[in-house]
Amino acid sequence: MSANTSFLEVRGLTRRFGGLTAVNNVDLDLAEGEFLSIIGPNGAGKTTLFNLMTGHDDPDGGTVTFMGRDITRLSPERLAALGIARTFQHGRVFANLSVMDNVLVGAHVRFKAVRPAWPFPLNLLGPVAEVALALIRPPSVVAEEQRMREEALKILSRFGDRLLPRLDNPTYSLSYANRRRVEIGRALALGPKLLLLDEPTAGMNQTETAEMQALIGDLKKSGLTILLIEHKLDMVMQLSDRVVVMDNGTVIANGKPAEVRNDPAVIEAYLGHRRADRPEASVPEAAQ
Amino acid sequence: MSSWIDYTINGIIIGNIYALLAVGLALIFGVSRLINFAHGSVYVVGAYAGFVAVTQLGTPLPLTIVIVVAVGALLGLGIERFGLRPLQGYAHIAPLLATIGLSFVLDQLVQLTFSPDPRALPSELLERRFQVGSGTIGALDILIAAVGIGSAALLYYFLRFTRLGWAIRATAQDRDAAQQMGVDVNAVNRAVFAIASALGAVSGLLVGMYYNYIDPAMSFQATLKGVVAQVVGGVGNVPGAIAGSMLLGIVESYGIALFGTSYRNLFAFILLVLVLVLRPNGLFASRRQTPPEPMTGTFIAPSKPIQISYPVLIGIAVVMALLPLVLPNPYVLQTLTNAWLYGLLGLSLTLIAGTVGLISLGHAALLAIGGYASALLSLDLGMPVGASILLAGVIAAAIGTILVFPSFRLRGHYFSIATLAIGEIVSLVILNWESVTRGPIGVAGIPPLSIFGFELDTDRSIYWFALAVLVILAALQFRLLGSHLGRTLRAMRDDDIAARSYGIGLDRYKALAFSVGSFAAGVSGGITSHLYSYINHETFNSQLSILALTIVILGGMGNVTGAILGSVLLVGLPEVFRVAAEYRVLIYGLVLLLLVRFRPQGLLGTI
Amino acid sequence: MLAHRRLVLTAAALLALPFAPAGAQTAPAKGEPIYLGVSGPLTGPNAQYGAQWKQGFDLALDEINGAGGIKGRPLAYIFEDTQSDPRQSVAVAQKFVADKRIVAELGDFASPASMAASPIYQRAKLVQFGFTNSHPDFTKGGDYMWSNSVSQADEQPLSAAFAVKRLGMKRIAVLHLNTDWGRTSKDIFVKAAKEYGAEVVATEGYLPDEKDFRSTIVRVRDAKPDGIMLISYYSDAALIARQLQQAGLKLPTVAASSVYSPKLIELGGDAVEGLFTASRYFPDDPRPQVRNFVDKFKAKYGKEPDAFNAYAYDTMILMAQVMRESGIDRQAIHDGLAKVKDVPSVIFGKATFDPKTRRVSGAVSVDLVVKGGKFTIYQGGAVVH
């Protein structure tokens, strides 16, 4: 894979927590339309890597380039606007919002009629304009909202009748699996160019996992570029174009699923040791 | 030069006193993640327990201290048992409110028992003094310092080297994990409240002796200064609380030295805001001393709001509009007019605290800004009253948002403390900026309400005007919440990290919501100033901020109808309780406690 | 805000007559009471003042009703607690206005609470008698706003004259409550002191809930004053005096008459020894109405009365006199206040209103000094130079 075809390019990415290097000089390339999985034992640094790529954490070194643009240290909201969507390891839905509203929040960056893109001096009035448009609701705004709702329904119908009957229920009332589905629906509503899924089937039973796998397979077929963290190896092997294996913050293997499966370093990493207590995500305390 | 030595010594002496309060607050925050607003009341109870011991029983100082420690510890156990333990698992705001309710009840009980008159609390130690610099230091100063440092040292030993101390530290670091490891978290809480309250009570005694002066009203200032000191030092950090107290004392003292006495608290609160914004974990905290605030939206209790359909709401509004024709009782109309004006404040705070989750404890400052803006615009610039009120809303929105903007990065309690400080700063600026605000004299002769040149000079017309403004702004808020902004703001509140991942810029939307909310508060303040014809810096005081929060929680966070219902009840109930005279505040505090206990999501539920 | 807090003594007081009109030894009053509305603090931070009012009112009512009341009917009051909060004082105002039994209103305590309610009383043509409201703008709220609280324009020049002329102060440091009352008083005092030829070397305004004055005292000391003026209330004055003593700053100190209270000595101890102040009366005052008030007060409550007791007492006596002379409806009381002359008074000796300002004026004070733990008349001339 050559650099000029690289859709997402990670070079030398490093993150230290005190004396511990959670992500150590990681390189990663992803081509448009590719399905890449990252596997590795707990504490290998997978989620930290995700956090660094999506702006939730700042690297101590290295760069991330997306579609030819340096996105290192960009804020999550900027990355969302660039078309990068992610789900979270432990599932983060907006608990008091309905299923429909959760998905519509996913589409936030695509609402253009309520947020006119004005040039410099005027854009300071952006928030005022947004309030005014939300209150006045000219036809363009109403139409946009309508269009997004229809699209959200289409996205939710991907999950069969799991979510459609519960459109107006707050998500805290949903089952765990349904909350994970809402999260994926929300990510799709962003219209992502790159989708990062962090253990989307964690905590799901076999049937639910199979359903989710089928859905992710469909997404792959539709041509979406996907980066997946997952522990369920069967699923990884079936879906992935390529697999990256991490351990101790470094990439120890990178290749087609079949190659990786038989890599002795990988087997060593999975069976050789168990060290589980390593910080993954880090959110500083009072401030972010 | 020698004066600076004196200023420094004086700063340390007063810092000493703050430290006694801050250590207890820090201990409780460290373990329970709770700013204990009842701490000042424990301090008052301690002072009065000492007063009874000294004047009625004639106890010597060591025995007095033992008695006060016992009373404080028992009170702490009581607060923990009845005020806080039942609230485990509730949203974080519930215990905070419970401590506010408890402080009302305790202060009022002390006042009813001992009368509101200040009392002398004599001490035999006071007469011994030593020359230091050009002033003197008394034996009591040394005792206060010894108690402060001694209790901190004891606490250090206790936390490091005893089983219960380990349990407390473990609980402070990770409550759930500690519980799973077999730590009896309730026992830990009891111990912490007993120790902290004993310390709080002793500080009341010593400070009372120091000034030879105690009164029941000294509780709020004590809490306020203690909170400032411990936040400056690092919330939940005991040695930090002591260092923060000293720093606070010195900054206040230097503030007096440089600018004069009336700038003292201004410096204290500016220090607090600066620390919060620049080093939110305190000046003396190591970076990861304080565990993070909840990762997801547990600050707001999930609940099913009670749905009231629009036709019903419109029906109620029509009934309210017709009321003056059926019931022309000016007292009832005035009370309801007050309720409508509070309702505007409620709308404002329910949007900011409820919908966005920014629990503001300084909301009265927005009323003050609006009130002064409209009064001064109409009085000094001759602007017509209707226009001045509208512009007052805009000014409150602009100034309020600019002042609070740097604090948007703070979470949970930190934001609340920042707004508390900003509220005090606004009040002190109004007091000191005489060329514009007329300082302590206040603004008199504010023209009466009028609209398009028609003076509103009957009770009815004022009632209708306030109701109309409320209905219009409530309708706009409903419409706002029904738009994409409603879900955007609530998404931020529920999970700000996920919200950012979907392109929601937090500062932008917090500022947007804060401005919209501040507009309603500014309008309310503006109308009020014309209604009163006279305002000064105390017209919109910090009690009003607490009341605003109570209104919002009573109605249900984020709930527009709830905010109005809450204000009708909280304005109405004290009027109903008039018959209870002196017991009124006591009843109010009890109602607040029961509400938090049995309906934490508010009457109409969180939206 | 705390608008009141001072008393001054009129020279005329010494000539005044006892209260009860001659031949008033009639039977106790009977029948439907006449009501005054009282709007003031019974709870909240100012609750102590409301409690003091009640004692003063009750003592006066014992006297009035024991002597036949007003034209045979007993006088009574309805006290509504406002916490001295403007939001509540306006509601109470509406309540009083609507209650036809109420013929006049007394209070509120703090200026924001009183003046917020003024438009309502003015519209309803019910007299608002703000007997502790010395805010210069209070009686400007309308012709139904009256007050017998003496304006600071009368008291402060007397304090200045005392400090400069009698005590010989040349360089004065002023500490004042940073409230509407304290601020107004300070301005008047400073102006008068300068006119008398003294220099004001420092002015320090402090907040009402301030307890620590150590650093303020360093600032005052550095200004090298030869005397200190306290525009304070007794609780702050006691705190300041103690801390002056602790700082070793021994200077002649004059305090506004608002510190006149037994509490000053209780709280200040030996630190207030030698403190100068002024009052309109003092317990050993030979004036008959003062003797009558002080003795009856001690008999009823077992303690010395203080300023607010006296204000409340005087006010009730005054209202009774107005009603006896002019009638017992709202308008009659409004008109009567302008007409009433030389009402015997503890505070004023004789009280007469200036119908233009709707205030009582022309006060002279008796100068006191704390000596041996008691307020005594100051006889001396200059103490220091």
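Chain B and chain C meet through 57 residues from chain B and 57 residues from chain C. Two residues are in contact if their C-beta atoms, placed from the backbone, lie within 7 Å. This is a predicted model: local features need pLDDT of at least 70, side-chain atom pairs count only at pLDDT 80 or more, and totals for chains, interfaces and linings use all residues. Residues are numbered from 1 along each chain as its sequence is written, while chains are lettered from A and ligands numbered from 1 in the order in which they are written.

**Chain B facing chain C**
- Helix H1 (2–32) of chain B gives the most to this side, with six residues.
- Helices (H or I, at least four residues) and strands (E, at least two) are DSSP runs, numbered from the N terminus.
- The side has 23 nonpolar, 24 polar and ten charged residues.
- Ala, Val, Leu, Ile, Met, Phe, Trp, Tyr, Cys and Pro count as nonpolar, Asp, Glu, Lys and Arg as charged, and the others, Gly among them, as polar.

**Chain B facing chain A**
- Here 40 residues of chain B touch 37 residues of chain A.
- Helices H18 (459–481), H19 (484–494), H20 (496–501) and H21 (506–532) of chain B each supply at least two residues.
- H19(B) gives the most, with seven residues.
- By class, this side of chain B has 19 nonpolar, eleven polar and ten charged residues.

**Val243(A)**
- Val243(A) sits in strand S9 (residues 242–247) of chain A.
- Val243(A) is buried because it has 27 C-beta neighbours inside 10 Å; the cut-off for buried is 20 or more other C-beta atoms within 10 Å, with exposed at 12 or fewer and partly exposed in between.
- Beyond its neighbours within four places in sequence, Val243(A) contacts residues including Ser37(A), Ile39(A) and Pro257(A).
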